[in-house]
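Q: Let's work through this structure one feature at a time. Show me how to read each one.

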Amino acid sequence: MAKDEPVSVVFKVYCLSVMTLVAATYTVVLRYTRTISSTTMYFSTTAVCITEVIKLLLSLGMLTKETGSFGRLKASLVQHVFQSPKELLKLSVPSVVYAIQNNMAFIALSNLDAAVYQVTYQLKIPCTALCMVLMLNRSLSRLQWFSVFMLCAGVTLVQWTPAEATKVQVEQNPFLGFMAIAVAVLCSGFAGVYFEKVLKSSDTSLWVRNIQMYLSGIVVTLAGVYMNDGAQVIEKGFFYGYTPWVCFVVFLASVGGLYTSVVVKYTDNIMKGFSAAAAIVLSTVASVALFGLQITVSFTSGALLVCVSIYLYGLPKQDTTKTLPRVNTDTV
């Protein structure tokens with residue numbers, strides 16, 4: 001029902017604003033908790049698992065509001081969850097990939113400066129573009145592909161001179177950080193397009209789809225906790241090293257995950273591009289103030305290229321979709 005309702009511009013601006021603030025804040029705070037916040041390091045796998053649980057609870061709350069009563073909520077859960085093992089299996093694919101992506105993000109931010117991470121992570125746009133072409137049979141204009149290569153050039157400049165001396169107290173491995181961000185980018189592109197395809201190929205509620213995905217996500221992340229940190233978690237406890245800042249990171253990740261699903265459904269590439277560009281600027285400013293990041297000319301040039309390319313990539317999308325019906329009518 002809610003899927004077919006028209007969405008106001010105010011709502012889109014609201015989603016854009018929240019997504020931008022959450023993305024920028026999450027990047028800076030996560031890096032802070034993984035580098036200089038305390039001497040007792042928490043287990044990133046448990047944080048990812050708790051995030052999945054919170055997103056599931058929030059989605060249940062939204063579905064309750066959407067259905068209007070606990071009776072309808074129960075009927076919806078029975079129909080789409082307990083009696084739909086195939087749908088659960090279908091939605092387990094992005095949950096597995098997203099779990100890998102989130103864990104890679106922790107590794108990347110432990111070894112890269114926040115601004116470097118934020119800009120490099122924008123490689124998810126050409127990766128998503130490629131997945132859209134291969135999985136959704138979308139066509140991209142020349143300007144869109146030009147913006148993709150412009151983005152790659154900008155990211156190359158950022159990687160060429162990564163952030164210099166900072167206040168970070170933990171030894172970093174830039175190569176490991178960039179490898180982790182590469183895996184995260186591939187996961188983001190595939191999982192995002194896959195989820196969009198599943199979401200828009202049926203009339204099933206967005207919150208039902210989220211619940212299906214987060215249920216399998218909890219199983220996957222619990223397996224990750226056991227495989228990666230099982231012995232230490234048993235010895236020190238599931239919430240070892242947790243501070244109010246770590247709880248804030250989990251909260252931001254949970255809210256960000258929900259808004260990501262809403263953005264996939266209601267917004268377009270232009271809005272997501274502006275959001276990504278604004279998040280880069282905000283996280284860079286915060287990194288200068290909090291971590292002593294040294295911004296170089298090449299980093300600034302690369303960040304500028306990234307922001308411009310993100311904007312250009314979104315511009316022609318509407319024109320591309322308009323040309324498709326004309327080709328069909330000519331053929332008929």
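Q: Start with Phe239. Is Phe239 buried or exposed?
A: Relative accessible area sets the class: buried is under 20%, exposed is over 50%, and partly exposed is in between (1.4 Å probe, protein chains only). Phe239 has 53% relative accessibility, so Phe239 counts as exposed.

Q: What should I know about the model before going on?
A: This is a predicted model, where local features need pLDDT of at least 70, side-chain atom pairs count only at pLDDT 80 or more, and totals for chains, interfaces and linings use all residues. Residues are numbered from 1 along each chain as its sequence is written, and side-chain values use heavy atoms, with hydrogens and water left out.

Q: Which residues does the UniProt annotation "transmembrane region" cover?
A: Treat the record with care: positions follow the numbering used here, feature names are shortened, and annotations may be inferred rather than shown by experiment. The unreviewed entry lists residues 9-29, 41-64, 145-163, 175-195, 207-227, 239-262, 274-293 and 299-316.

Q: Over residues 9-29, what percentage of the chain is helix?
A: Helices (H or I, at least four residues) and strands (E, at least two) are DSSP runs, numbered from the N terminus. Residues 9-29 are 100% helix and 0% strand. Their end C-alpha atoms sit 30 Å apart. Residues 175-195 are also 100% helix and 0% strand, with the end C-alpha atoms 30 Å apart.

Q: How many aromatic pairs does a search of the whole structure find?
A: Rings of Phe, Tyr and Trp (its six-membered ring) pair if their centres lie within 6.5 Å; planes under 30 degrees apart are stacked, over 60 edge-to-face, and the rest tilted. The search finds 10 aromatic pairs. One of them is Phe43 with Tyr240: the centres are 5.9 Å apart and the planes at 35°, so this pair is tilted.

Q: Where do Phe43 and Tyr240 lie in the chain?
A: Phe43 is in the loop between α1 (9-35) and α2 (44-67). Tyr240 is in the loop between α9 (206-236) and α10 (244-266). The two residues are 197 residues apart, and their pair links distant parts of the chain. Phe43 is buried because its relative accessibility is 6%. Tyr240, at 26%, is partly exposed.

Q: What kind of aromatic pair do Phe238 and Phe239 form?
A: An edge-to-face one, with 5.2 Å centre to centre and 70° between the planes. Phe238 is partly exposed, at 24% relative accessible area.

Q: Which residues do ring pairs link into a cluster?
A: Tyr32, Trp245, Phe248 and Phe251.

Q: Now charges. How many salt bridges does a search of the whole structure find?
A: Side chains of opposite charge can pair when their charged atoms come close. A salt bridge is a side-chain nitrogen of Lys or Arg within 4 Å of a carboxyl oxygen of Asp or Glu. The search finds three.

Q: How are Glu52 and Lys55 separated in helix α2?
A: By about one helical turn, because they are three residues apart. Their side chains meet in a salt bridge at 3.0 Å, N to O. Both residues are buried.

Q: Which residues are linked in a network of salt bridges?
A: Glu87, Lys90 and Arg209. Glu87 and Lys90 have their closest N and O atoms 3.4 Å apart. They are three residues apart in helix α4 (residues 85-111), so about one helical turn separates them. Glu87 is partly exposed at 23%, and Lys90 is partly exposed at 32%. For Arg209 and Glu87, the closest N and O atoms are 2.6 Å apart. Arg209 lies in helix α9 and Glu87 in helix α4, so the pair ties together parts 122 residues apart in sequence. Arg209 is buried, with a relative accessible area of 3%.
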